Amino acid sequence: MNEDHPMEPRMPHPLPAVRRVAILGGNRIPFARSNTAYATASNQDMLTFTLQGLIDRYELHGERLGEVAAGAVIKHSRDFNLTRESVLSTTLAKETPAYDVQQACGTGLETTILVVNKIALGQIDVGIAGGVDTTSDAPIGVNEKMRKILLEANRGRSAGERVGALAKLRPGMLFKPLLPRNGEPRTGLSMGEHCELMAKRWNISREAQDVLAYESHRKLAEAYARGFVNDLMTPYRGLTRDNNLRQDLTLEKLASLKPAFDRDAGTLTAGNSTPLTDGASAVLLASEEWAARRGLPVLAYLSWSETAAVDFFDKKEGLLMAPAYAVPRMLARAGLRLQDFDFYEIHEAFAAQVLCTLAAWQDDEYCRTQLGLAEPPGSIDRSRLNVNGGSLATGHPFAATGGRIVAGLAKMLAQLDKSAGSARGLISICAAGGQGVVAILER
Amino acid sequence: MEEPGDPFGGNRASHLVQHETARPKTVVVEALPTPARLYARALSGIVKRGRPAQLPSLRLVRPAVALEPGPAWRYARACGFIPEHGVPLTYPHLLAFPLHLLMLTDPAFPWPAVGLLHLANHVRLRRPLAYQDLLRVEVQFGALLRHDKGQAFLLHTRIYRRGEAVWDGDSVYLKRGVPASGAQLEPLQVDTAALQRVARWQLAPQLGRDYASVSGDYNPIHLSALSAKAFGFPRAIAHGMWTLSRAASSLQPPKPLAEATLSAEFKLPMPLPGEASLWSAASSLIERDIEVRDIAGEKPHLRGRMQWRLQ
């Protein structure tokens, strides 16, 4: 009760209606294969630079945004507040809150969904979602035994206890550091080994994988030639395009590569799998009113999203099959069919992952027994798949892939000459731990 | 469960009719010799001359072998099987393989083990297998068979679970250059014109060593070019049983088998490293004719047939 006006009752606001959330644009740095152009760039460097590029392009200097959400999959413990620290280094208002998210390769899309949801609920009006990863400037942990000894010494109450603990250190420990690895803790298998099992489960041929990889490079090269990437990217450290892109790639070259994860009976190679990559991306998201106030055109709206996870351990589902579950669930909620899309952006973690997912959606028995669907979603028009290239060509800095795809797809939808509300794109991203993050963009 | 008819389909494999040697001497093998001792035994028996072509009436038995998932999974991986396949169809062969070596290096066996050719192999799964099953593995010689190049003979593997026959294997070996007796060895009839190319295989340089380490078959002709040269091969060659298992894993749907038969004849050696192509034709939903050929698709390395019923 306000004492100055005791007779005037306060009416609390009703909760706002859910709003459409607009994708206004994106920015990324060219992606670089591990230990190449960005070998000495940290996550902090790359994320700050990428955010600043977005801020410059949309003139957000001094603005207090609702929030910035980003993250990195491979992160040093000193970067506990990676995103907030990056925001403080940009020209955004220092009063812009920020937080880190980590959902493996789904991070970039998950941050987008989080910011979109807050805008949709009217909690904020504008925000940035992003992601960054480096496997070049990776954190290396000290040897596990050594770490325990150092912690024991740290706990010691007397000099004697500390010296006693430190006396257990051995020189060999220095040469056996704990390296980050791209493996599943529960199975001990690398992601590539898991995807090999999926490729065999779904009978995905080596030739089909190589063709998908070849197409990915060809389409990305064409996208660069058309200038499609120009307003989605800021050159960084001497790179103006993804250095994983092979303009001169041939199917013969791809066919000559040796299996990388299963040398005796495998089909996944360095050519049809994504390499370790460094890079960062960010997407500007806002309510329609905010965009209109700023005079910024809307590229597309994020309308639906879904995450799913599979039991790849006890039930032995394929590690990267979660998007196959997530998409039909989302389609059911949205009242759409798999064929109702102009573009499909399926993250090419491995060519086999994409092909397994597409095969699963055409398998009656699997759709009935595993996905619980009366009808399989069916096939897609492959000419609408990853039309400007995918992760096989761009590379895949884990947390940065989502932002690359969201911004790229939004622009593709904006370029379509279709009536309002009829252009649609589907995003599907698989992630470690048997997870999948998917979304629908509309315009 | 229905009892299938002739495991290898009518007259295609009439040569497999077993001529039981009367009451073989049964020897229970409680502890297997190490592979090194087995191969030492093979080398010590390298000179055997002028023996009559008579196979010893001997049955070797491993009375209780647990079907361990660890070694089976390592084997599965090297051959392209996936967990969805369950126990690999060809894996029980390996439980009997040390007994095969003991049989072929037995002092009463008429020829040196070194130099024998593995001509063909037939596998029959009678009952679904599961990991941790406790199996009784029996191996004994079968009939002598006439072959153009010398004397062929059968080596039978019979595997039982609680007294019930669950898995059979028949291996056909050839001793070249000796006068032959017995029934004529009939070739497998496959309509090779109907076969379609299914896949290209890249054969890694270490394939022979990888398969040796998961199978225990350290025959030097598979391990390296140098060790293969010592036995008259210009390069190392792939294990026939790997080739067969790889073909079976490629063609089996991603489900465990209730029963199956797999027959194969080994043709030209498949050099390592190298490339090969898998060809197959579906005569029905549950039957495939198989060939493994060179990369050009011209010369056969293996010809076979697989039939199955899923669990």
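# Close-up views of a two-chain predicted model

**Figure 1. The interface joins chain A and chain B.** Twelve residues of chain A are in contact with 15 residues of chain B. Two residues are in contact if their C-beta atoms, placed from the backbone, lie within 7 Å. Helix 6 (residues 191–201) of chain A gives the largest share of the side that touches chain B, three residues. Helices (H or I, at least four residues) and strands (E, at least two) are DSSP runs, numbered from the N terminus. By residue type, the side of chain A that touches chain B holds three nonpolar, one polar and eight charged residues. Here Ala, Val, Leu, Ile, Met, Phe, Trp, Tyr, Cys and Pro count as nonpolar, Asp, Glu, Lys and Arg as charged, and the others, Gly among them, as polar. The scores of the model are ipTM 0.86 and pTM 0.89. This is a predicted model: local features need pLDDT of at least 70, side-chain atom pairs count only at pLDDT 80 or more, and totals for chains, interfaces and linings use all residues. Residues are numbered from 1 along each chain as its sequence is written, while chains are lettered from A and ligands numbered from 1 in the order in which they are written.

**Figure 2. Chain A as a whole.** Chain A has 14 helices and ten strands. Its radius of gyration is 23 Å, close to the 22 Å that the globule rule gives for 443 residues, so chain A is as compact as a globular protein of that length. The radius is taken over C-alpha atoms, and the rule is 2.2 Å times the number of residues to the power 0.38. Along the principal axes, the C-alpha atoms of chain A fill a box of roughly 75 × 65 × 45 Å. Of the 443 residues, 50% count as buried. A residue is buried if 20 or more other C-beta atoms lie within 10 Å of its own, exposed if 12 or fewer, and partly exposed in between, with C-beta atoms placed from the backbone. Among contacts in chain A with a separation of 6 or more, 81% link residues 24 or more positions apart.

**Figure 3. The largest nonpolar core and A:Leu285.** This core has 207 residues. A nonpolar core is a set of buried Ala, Val, Leu, Ile, Met, Phe, Trp, Tyr and Cys residues joined through C-beta atoms within 7 Å. A:Ile23, A:Leu285, A:Ala352, A:Ile427 and A:Leu441 touch the most other members. Leaving aside neighbours within four places in sequence, the contacts of A:Leu285 include A:Val21, A:Ala22, A:Ile23 and A:Val115.

Figure 4. Helix 11 (residues 351–360) is mostly covered, with ten of its ten residues buried. Among them are A:Ala352, A:Gln353 and A:Cys356. In helix 14, twelve of the 15 residues are buried, so this helix is largely enclosed by the rest of the structure. The buried residues of helix 14 include A:Arg404, A:Ile405 and A:Met412. Helix 14 (residues 401–415) should span 21 Å at 1.5 Å a residue, and its end C-alpha atoms are 21 Å apart, which agrees. The expected span is 1.5 Å times one less than the number of residues.

Figure 5. A:Glu85 sits in helix 2 (residues 82–89). A:Glu85 is partly exposed, with 17 other C-beta atoms within 10 Å. The C-alpha atoms of A:Glu85 and A:Ala352 are separated by 37 Å, at 267 residues apart along the chain. A:Glu59 lies in the loop between helix 1 (43–57) and strand 3 (67–70). A:Glu59 has a positive phi of about 50° although it is not a glycine. A:Glu59 counts as exposed because it has 11 C-beta neighbours inside 10 Å. A:Ala104 lies in the loop between strand 4 (98–100) and helix 3 (107–120). Phi of A:Ala104 is also positive, near 50°. A:Ala104 counts as partly exposed, with 19 C-beta neighbours inside 10 Å.

Figure 6. Chain B has six helices and twelve strands. Buried residues make up 45% of chain B. The peptide bond from B:Leu272 to B:Pro273 is cis, with omega near -10°. B:Pro273 lies in the loop between strand 9 (257–266) and strand 10 (274–284). Chain B averages a pLDDT of 89, and 93% of the residues score at least 70. pLDDT is the predictor's confidence in each residue, from 0 to 100. Over residues 1–21 of chain B the pLDDT is below 50.
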